[in-house]
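Okay, thanks for coming, everyone.

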Amino acid sequence: MASSNNSDSSVSADVPAAYGSGPGPAATPTSGTKPAKVRVHHLQQAKKDGTRFAMLTAYEQYTAEIFDAAGIEVLLVGDSASNNVFGNETSLPVTVDELLPLCRAVSRSAKRAMVVADLPFGSYEVSAEQAVSAGVRFLKEGLAHAVKIEGGAYYAPTVRAMVQAGIPVMAHIGFTPQSEHALGGYRVQGRGGDAQRLIDDAVALADAGAFCVLMEMVPAETAAAVDAAVTVPTVGIGAGKETTGQVLVWQDMAGLRGGRMAKFVKQYADLRSTLLDAATAYGDDVRSGQFPGPEHSF
């Protein structure tokens, strides 16, 4: 739908753009006094103070603006876009080139939140050099403020190389979706005697320079032990309440995605039903001739 170049003076200059107009005004937090821009040291201060921060995924302009205005401190441009935007069954197929435009949209639209980008499967495993190269692209082309990589202590040298290159790194341990085939599917990690492995992973990654450790599908007791073992903030998703931050995929949190939800998801809205009702009503109005009415016509 191309825009018209018609300069008809009868059309007011105040008519809003019909299909959006780029990033909106700077977000205003809903409550409290917050830093103008969330930085690594603000998350680290939360850990020291015993306070908490919220993190949500975002993949485009409008959710980034809305979550930013709601005061969400961290937005994750996750490789979960693979199965929440691109229609894949898992996170594995998504590529750097597919995620970069999403990252740019979120980074341009969020005025306050920190934007963290996932390094997708296949973009960092070969070598530290490959990881640095991918990380540079997300900061330079995607305008991200930090990146996230999955994996345990084995990746400590990779994290160290990235941090030395000026790339802030969030580590991701526990259940790591990119390794779902190696892990035998979606399975809780860190039970019983396996808890020490996760503690060791977290300590090694933090010592290598990771500014934060995310834990997914980890028993609450294990996650609490990991949080106590590191001085950097932790983020949980299905990891109990003792972490510094919490993260959810926004389509799960807001009820846009249908089907069975993971145990750790709390739905705060039912956007799927709302959108279904709106689209149904719109279709009915078009077919019956009720839309557009006189009030929608020039």
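Quick definition before anything else: when I say buried, I mean a residue with under 20% relative accessible area. Also keep in mind that this is a predicted model.

With that cut-off, buried residues come to 45% of the 298 residues in the protein chain. The fold has 11 helices and 8 strands. Take the contacts with a separation of 6 or more: 60% of those are between residues 24 or more positions apart.

Now, cysteines. How many disulfides does the structure hold? The count is 0. A disulfide, remember, is a covalent bond between the sulfur atoms of two cysteines. Two cysteines I checked are Cys 103 and Cys 212. Cys 103 has a relative accessible area of 0%, so it counts as buried. Cys 212 is buried too, again with a relative accessible area of 0%.

Let's zoom in on Glu 60. Where does Glu 60 sit? You'll find it in the loop between β1, residues 53-57, and α2, residues 61-69. Glu 60 is partly exposed, because its relative accessibility is 30%.

And what does Glu 60 touch, leaving aside residues up to four places away in sequence? That would be Ala 105 and Val 106. Arg 104 is 44 residues from Glu 60 along the chain, yet their C-alpha atoms are separated by 8.4 Å.

How values were computed
Residues are numbered from 1 along each chain as its sequence is written. This is a predicted model: local features need pLDDT of at least 70, side-chain atom pairs count only at pLDDT 80 or more; totals for chains, interfaces and linings use all residues. Side-chain values use heavy atoms; hydrogens and water are left out. Helices (H or I, at least four residues) and strands (E, at least two) are DSSP runs, numbered from the N terminus. Buried means under 20% relative accessible area, exposed over 50%, partly exposed in between (1.4 Å probe, protein chains only). Contact means heavy atoms within 4.5 Å. A disulfide is a pair of cysteine sulfur atoms within 2.5 Å.
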